[in-house]
Amino acid sequence: MEPQALLRVPLLFLFIFLHLSLLANSSPPSQHIQIVNAERRIDATSHIIKVYLTLKVENSGTSPVSEVHLAFSPTEAEHLAIVKAAATSGKRKKKTYVPLDVQSADLPDGPNGTKFFSITLLNPLSEGETITLEVLYILTHSLEPFPVEVSQSESQLVYFRDSAILLSPYHVRQQTTFIKTPSTRVESFTVVEPTKRAGTELKYGPYENHPQYSYSPVLVHFENNNPFAVVEELEREIEISHWGSIQVTERYRLVHAGARHKGVFSRVEYQSRPGGSGVSSFKHLLVKLPPRVHSVYYRDGIGNISSSHLRTDFLKSELEIEPRYPLFGGWKSTFVIGYGLPLQDFLFESLDGRRYLNFTFGCPLAETVVDKLIVKVVLPEGSKDPTALVPFQVEQHLETKYSYLDVVGRTVVVLEKRNAVPEHNTPFQVYYNFNPIFMLAEPLMLASAFFLLFVASVAYLDIDLSIRK
């Protein structure tokens, strides 16, 4: 056999091995799984859509199954903020929850661009076994104001688009969908029999025996006067000082993302008719801060804003702030909030001698969507080998910041997250190495500066600069 032919044989086997590996890593959802029952409850009472999905899953095949896939339409996937899942057992007060890992599945798109997420089971599901899964996923920017402009005296109406049938890669034997609205005012809704409306709730179903990737679009037009608070960009800077404090500075760029305001704003009408004028606007914001907060300030581009109230106790602190003007649809506000925290409440030492910051990720503003969240952790000068542990996927990189009396600069750990919601307000940690000798750098520099100033003063006083003959 020729040398070239001998080389082709191992290359051919290598190609086949790589191809099979790719197929194994991107295998489609198992066709032996069936959804015995699916119940979906959609909470549309605010501008953040929360979907609670309960699935009873059965393995009707002969081989064990270790993953269950969720399907999302391209629009849902674009506005998806977070997906959580848990395996449940028991009933009511005795029900137990076991959190499960949920990841975006590296699979080819399904019909009509369907995207997939995979839930990894703790134990493979054997033939004939069933498991009950509870899934929470949150959608942002999913309510469409209609009309797109409203006057000061009008209510805000929105469209919500979804499907009466659960989009799933599996056969669904029985399913029901509930949509909860914030009020009983529902202008119109799509009817997919059987459909029932009672108070603030729409019920679609029960439906039986729908094949995989079934979809039945529905459109609900209803009143939603809740403030659509969206932070276009939030930069949180957490500066650590080993001398006993943590300084937090938060820079907000806030917008009301609801129906745009049309016409002239009348402050007289707004204040004289608080329940009937500007019902979808907001003039108060609630900021949830850690306990034992101190040195709190709130200001914008003009200066300090005194219209704020701080309530503190041993468990939490709440800051109620009021912008200079009420925010209507399309209006924006830019402001800064700063506060100090005791170091011992958030900085600890691990067993291996490394120091780590334990702080809360996310936005302190209540019921707010953050399009772009930037968290900067400024470490003390001399810190080395920083590592950030965040319970969800974020973009990370390092920067250097120079402050007073810095020589080599301070390492800054930068974490970026898109489409953040209140469920992202979970603890994260930043580990780093620090040599305590660096704490003497700034005092020594100050002492040296004063010493040199003293020597210069003595020298100046002792030197005779007069001209003598």
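I count Ala, Val, Leu, Ile, Met, Phe, Trp, Tyr, Cys and Pro as nonpolar, Asp, Glu, Lys and Arg as charged, and the others, Gly among them, as polar.

I am working on a predicted model, where local features need pLDDT of at least 70, side-chain atom pairs count only at pLDDT 80 or more, and totals for chains, interfaces and linings use all residues. Residues are numbered from 1 along each chain as its sequence is written, and side-chain values use heavy atoms, with hydrogens and water left out.

Entry one, pockets. I took a pocket as an open set of points on a 1 Å grid over the protein atoms alone, where a 1.4 Å probe fits, with protein on both sides within 12 Å along at least five of seven lines; lining residues have an atom within 4 Å of a point. I found about 860 Å³ in the largest pocket. I noted 24 lining residues there, with I82, V102, F392, Q393 and K417 closest to the centre. By class, I read 12 nonpolar, five polar and seven charged residues in this lining. Strand β4 gives the most, six residues (strands are DSSP runs of E, at least two residues, numbered from the N terminus).

Entry two. The second largest pocket holds about 500 Å³. I listed 32 lining residues, and S73, E76, R161, D162 and Y215 are the closest to its centre.

I placed E76 in helix α2, residues 74-79 (helices are DSSP runs of H or I, at least four residues). Leaving aside neighbours within four places in sequence, E76 is in contact (heavy atoms within 4.5 Å) with Y137, L139 and D162.

Definitions and conventions:
Grid points are joined across faces, edges and corners, and a volume is the space filled by probe spheres set on the points.
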